[in-house]
Each structure stands twice: as C-alpha cells, then as structure tokens.
Amino acid sequence: MPPGLHLQGISKQFGTGDASVLAVNDASLTVDRGEFVALLGPSGCGKTSTLRLIAGFERVDAGAIEIDGTLVAGDAVHVQPEKRRIGMVFQEYALFPHVSVLANIEFGLRRMTATDRTARTREILELTGLAGLEGRMPHELSGGQQQRVALARALAPNPALILLDEPFSNLDAGLRARVRAEVGEILHAAKTTAIFVTHDQEEALSLVDRVAVMLNGSIEQVASPHELYSRPATRSVAEFIGDANFLPGVAHGDTIECEIGILAARQQIKGPVDILLRPENVELLAAQPGLPAARVRHTLFFGHDQLITVQLPTGTFLTARLGPSDAYVPDLPLQVAVRSPVIAFPRSS
Ligand SMILES: Nc1ncnc2c1ncn2[C@@H]1O[C@H](COP(=O)(O)OP(=O)(O)OP(=O)(O)O)[C@@H](O)[C@H]1O
Ligand SMILES: [Mg+2]
C-alpha cells in the first residue's frame with residue numbers, strides 16, 4: 001500500500017536575488033496512510049509553505065509530492081488544489097458565517113445525491129460529536145465547537161489527506177488542551193492521513209505518534225516524541241526539543257572524556273564533541289574535599305521541581321532539574337555527576 005503522503009526533496013524559493021527566501025529546502029517526509037503526524041518547527045521555518053505546496057496553492061521548484069501513491073507535484077506535474085482530495089483546517093476557522101452548521105458541513109458534498117449527502121452528514125455529525133448542533137449558526141457555538149465544525153467540514157468529502165495549520169492557536173490555554181485531544185480522537189476514528197502544523201512543542205509531543213521536526217526549511221528528524229527527546233539526530237534538534245546543556249568533550253569510541261569525568265557514550269563516536277546533558281540527567285552531589293567544586297549560581301523554582309544553574313570550575317554553566325528542596329543556596333559548593341550513557345554530537349567549529 002502506498003504511503004498517505006510522500007514528499008521527496010521538495011524545495012520552494014520566494015522572490016529573487018538578494019530578497020529571495022528559500023522557504024522549503026530539500027524537505028522529505030513519508031506519512032503512512034491513516035497516520036497523524038505533527039510538523040513542528042520555529043516560526044518562519046517553512047511549515048505553512050510546506051502545507052501550501054502539498055495543497056497545491058504553490059508550485060514546487062524541485063522535488064515531488066505523492067498523495068496516496070498519486071504524483072500531484074513534480075516532473076512538470078501540477079495537479080490543481082481542488083483535484084488533490086485534501087481537507088484543510090486553519091487557525092481562523094473560516095466557517096461560512098451566514099449559514100448553519102449543517103450547511104457548512106454539506107458544502108463539500110454538493111455533488112452527492114440528496115440521500116448520500118444526508119447519510120454522510122449524519123455520520124460526520126456523530127463522529128465529531130456535533131449531533132444536535134446542526135441547526136445552529138457559527139456565532140452560536142463556542143470556539144472549540146467551531147473548530148470541530150471546521151474539522152467536520154474538512155472530513156465530510158472523505159479526503160485522502162487532512163492538513164491542519166496551527167488549528168488551536170486561537171483557543172485559550174484550558175480549551176486548547178481539550179479541543180486538541182478531541183481533534184486527535186476524531187482523526188484517529190476517521191483513519192484519515194493528517195499533518196498537523198504547530199510551533200508548540202508540548203502540543204506536538206502530546207498529540208501525535210510521530211513528529212517531523214522542521215528547521216530552516218528542511219525536515220531534520222521524524223521520530224516518536226520519546227525518541228526525539230532522548231535520541232535527537234542532530235544538535236539543532238536537541239536544542240529545539242526541551243532544555244539542553246552542552247558540555248565540550250573528547251570522544252574515544254565508547255567513552256567521552258570531559259570536565260565531569262569519563263562518561264559512557266550511547267553511540268560510537270570519536271574526536272571533539274559536544275555532550276548533550278538534559279537537566280534531569282545532571283546530578284548534584286556534596287562537594288568532596290580536595291576536588292575543585294562547582295557552585296550554585298541560580299535557582300528557578302516551579303513548585304513540583306526546580307532548575308538549578310551551577311557553574312563548573314572551568315566556568316561552564318549547567319542546569320539540573322531537581323525536586324523542591326531548599327538546600328541549593330547561591331554559592332553552595334557541589335560535585336556534579338551525570339547519568340550516562342550520554343549522546344554527543346561532533347563539535348561543529
Ligand atoms: N509568499 C511569500 N513570499 C515571500 N516570502 C515568503 C512567502 N511565504 C513565506 N515566505 C517566507 O518563507 C519563510 C517560511 O514561511 P512560512 O510561512 O512557511 O513559515 P512558518 O514555519 O509557517 O512560520 P509560522 O510558525 O510563523 O507560521 C519565511 O521567511 C517567510 O517570510
Ligand atoms: Mg505558518
């Protein structure tokens with residue numbers, strides 16, 4: 001069975017000369033049929049541009065796009081957006097304001113017979129939990145309900161692919177968590193291939209099975225949330241996902257020598273490296289007489305945990321995540337230890 005979506009090295013440049021922007025740079029991604037994948041990256045990294053290329057609103061400069069095994073872009077092919085069988089949900093719900101929920105959902109079903117249309121609408125209302133609200137006008141719904149109508153309208157014509165661009169950013173924090181869980185369940189039940197764009201890590205990591213990390217127009221890594229955090233493929237991904245300390249060291253295959261001592265390496269590596277230390281893997285121990293001590297420089301208290309910044313004897317700063325103890329006063333001398341094995345990246349400079 002072909003994948004639900006396949007991007008093969010797609011690129012898109014806007015403008016020319018000095019003013020040009022390479023918004024999408026040789027991006028590749030394969031999404032299984034029925035899979036729900038987040039496209040996560042900082043503002044301006046090319047997420048919306050990628051969705052616009054997939055949807056067909058823009059033409060690719062290079063590369064190819066296949067939806068359900070059909071080439072829709074590339075090799076001089078450019079299938080028109082309305083022929084790509086794509087449903088879209090954007091930040092601004094873009095419902096038709098002057099017609100009912102029912103009419104909004106039926107919009108994409110105009111070509112069906114009246115009987116089929118009624119059956120399909122019923123099915124979608126049930127799936128999205130909107131049954132009973134079909135007679136309401138959009139302004140008579142909450143923000144979360146409106147977002148479900150937008151999703152219902154996108155799903156109704158049974159698209160091959162659903163694209164969601166920052167669909168929850170208009171909702172306040174409390175509602176957002178609930179609506180995103182609902183949308184996740186609806187898409188799961190609908191078994192539709194879906195790509196969900198966000199720059200919010202927590203949103204991406206908590207909602208989907210796999211996350212594609214986009215940085216500077218390219219997809220750097222596609223992996224489960226757990227793997228992205230514990231085994232980032234590049235230093236840039238490690239920096240972007242969660243909190244990261246980097247400590248210089250020299251790798252000798254299985255081990256890495258650094259200021260804290262000799263650490264076990266998770267992968268074979270040699271030469272100058274930057275060791276990734278997540279704050280929860282940094283341990284603070286009592287200072288030992290005769291050994292140079294690290295010093296507490298700063299604490300950031302969150303209640304259930306706290307981030308303690310310590311300075312190593314050479315001057316490098318590290319943060320440690322610890323439980324809510326009040327023992328870590330400024331200038332307290334300490335010994336720093338690390339839970340290994342650790343991940344390291346070849347030093348770039
Ligand atoms: N039509 C366009 N003309 C010129 N430049 C563009 C155009 N569309 C996007 N860009 C540029 O391409 C880059 C990527 O933009 P894009 O909108 O894809 O980012 P994004 O990842 O969706 O960001 P955000 O999280 O802020 O929505 C940006 O530098 C942007 O300014
Ligand atoms: Mg965008």
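What share of the 349 residues of the protein counts as buried? The share is 36%, where buried means 20 or more other C-beta atoms, placed from the backbone, within 10 Å of the residue's own.

This is a predicted model: local features need pLDDT of at least 70, side-chain atom pairs count only at pLDDT 80 or more, and totals for chains, interfaces and linings use all residues. Residues are numbered from 1 along each chain as its sequence is written, while chains are lettered from A and ligands numbered from 1 in the order in which they are written.

**Whole chain.** Show the C-alpha trace. Along its principal axes it spans about 85 × 45 × 40 Å. Colour by secondary structure: there are eight helices and 19 strands, taken as DSSP runs (helices H or I, at least four residues; strands E, at least two) and numbered from the N terminus.

**Domains.** Select 5-239 for domain 1 and 243-346 for domain 2; these bounds come from an automatic or database domain assignment. Their centres, over C-alpha atoms, lie 40 Å apart. Five residues from each domain make the contact (C-beta atoms, placed from the backbone, within 7 Å). On the domain 1 side, one is nonpolar, one polar and three charged.

**Ligand 1.** Now select the shell, 13 residues, each with its C-beta atom, placed from the backbone, within 6 Å of the ligand. Among the closest are Phe 14, Ala 23 and Ser 43. Next, pick β2 (21-31) and α1 (47-55), which each supply at least two shell residues. The largest share, three residues, comes from α1.

Notes. A residue is buried if 20 or more other C-beta atoms lie within 10 Å of its own, exposed if 12 or fewer, and partly exposed in between; C-beta atoms are placed from the backbone. Two residues are in contact if their C-beta atoms, placed from the backbone, lie within 7 Å. Ala, Val, Leu, Ile, Met, Phe, Trp, Tyr, Cys and Pro count as nonpolar, Asp, Glu, Lys and Arg as charged, and the others, Gly among them, as polar.
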